[in-house]
Amino acid sequence: MNPETKKVEFSEKAQKEIRELLTHYPDKRSALLPVLNLAQAEFGYISEEVMIMVARLLDLTPPKVFEVLTFYTLLNDRPVGKYLIQLCRTLSCALVGSENVLGHLKQRLGIEVGETTRDGLFTLRTVECLASCGTAPVMQINGAFYEKLTREKVDRILDDLKRGDPPVLKPMGEN
Ligand code: FES
């Protein structure tokens, strides 16, 4: 652990939610994923200090928390932009042009994979299969899926988000 690591604490409200949450599990370690989701909502991302706090709270080791944190693509271990773009690069998406979509996203946003735009609006990542291979190429932005992507569709989506229209969570195939 980094000696500089700061101590963090959940707010009263979050602590109350966690206490309630733990009543739903026979073993508090099983509540790791919902507690991490709550931590992300509270702190914006799961920093090292947050990870250590969650580990202590649930009687887990920090490496165990880290393992779960890095497995789930919606959990962030570093600050991200308001909109986290996660583009699938696995085979079905690659076969129908995810590389082109990625190139277009990089060009439009002026960033590389893993970076955030200077205005703090967009972070770009690539991920493994998003389980929507039949409608490839696919990306997820925060909680919303966007499928059958083309350059034009990407432009529309980015323009909508820049205007402040948040992505709406729709059933697959409707975005
Ligand atoms: S390969 Fe891209 S969603 Fe499955």
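1. Met51 is buried because 24 other C-beta atoms lie within 10 Å. A residue is buried if 20 or more other C-beta atoms lie within 10 Å of its own, exposed if 12 or fewer, and partly exposed in between, with C-beta atoms placed from the backbone. Met51 lies in helix H3. Helices here are DSSP runs of H or I, at least four residues, and strands are runs of E, at least two, numbered from the N terminus.

2. This is a predicted model: local features need pLDDT of at least 70, side-chain atom pairs count only at pLDDT 80 or more, and totals for chains, interfaces and linings use all residues. Residue numbers start from 1 along each chain as its sequence is written.

3. What does Met51 touch? Leaving out residues up to four places away in sequence, Met51 touches Ile46, Pro62, Val65, Phe66 and Leu69. Contact requires C-beta atoms, placed from the backbone, within 7 Å.

4. Now the helix pair around Met51. The axes of helix H3 (residues 48–57) and helix H4 (residues 62–71) come within 8 Å and cross at roughly 115°. Axes are lines fitted to C-alpha atoms, for helices over the stretch in contact, and angles run from 0 to 180 degrees between N-to-C directions. H3 supplies Met51, Ile52, Val54 and Ala55 to the contact, and H4 supplies Pro62, Lys64, Val65, Phe66 and Leu69. By class, that is 8 nonpolar, no polar and 1 charged residues. Ala, Val, Leu, Ile, Met, Phe, Trp, Tyr, Cys and Pro count as nonpolar, Asp, Glu, Lys and Arg as charged, and the others, Gly among them, as polar.

5. Overall layout next. The protein chain has 7 helices and 4 strands. From the N terminus on, the elements run α-α-α-α-β-α-α-β-β-β-α. The chain is divided into domain 1 (12–71) and domain 2 (83–162), with bounds from an automatic or database domain assignment. The domain centres, taken over C-alpha atoms, are separated by 29 Å. Buried residues make up 24% of the 175 residues.

6. Which residues touch the most other members of the largest nonpolar core? They are Ile85, Leu87, Leu105, Val138, Met139 and Tyr146, out of 21 residues in this core. Two or more residues each come from strand E1 (83–88), helix H6 (98–109), strand E2 (122–127), strand E3 (139–141), strand E4 (144–146) and helix H7 (151–162). A nonpolar core is a set of buried Ala, Val, Leu, Ile, Met, Phe, Trp, Tyr and Cys residues joined through C-beta atoms within 7 Å. Apart from this core lies another, of 13 residues, among them Leu36, Met51, Leu58 and Leu69.

7. The axes of H6 and H7 come within 10 Å and cross at roughly 35°. The contact is made by Val101, His104, Leu105 and Arg108 of H6 and Arg151, Val154 and Leu158 of H7. Its residues divide into 4 nonpolar, 1 polar and 2 charged.

8. Is Ser92 buried or partly exposed? Ser92 counts as partly exposed because it has 17 C-beta neighbours inside 10 Å. Ser92 sits in helix H5 (residues 91–95). Leaving aside neighbours within four places in sequence, Ser92 is in contact with Cys133 and Ala136.

Terms used: Contact = placed C-beta atoms within 7 Å.
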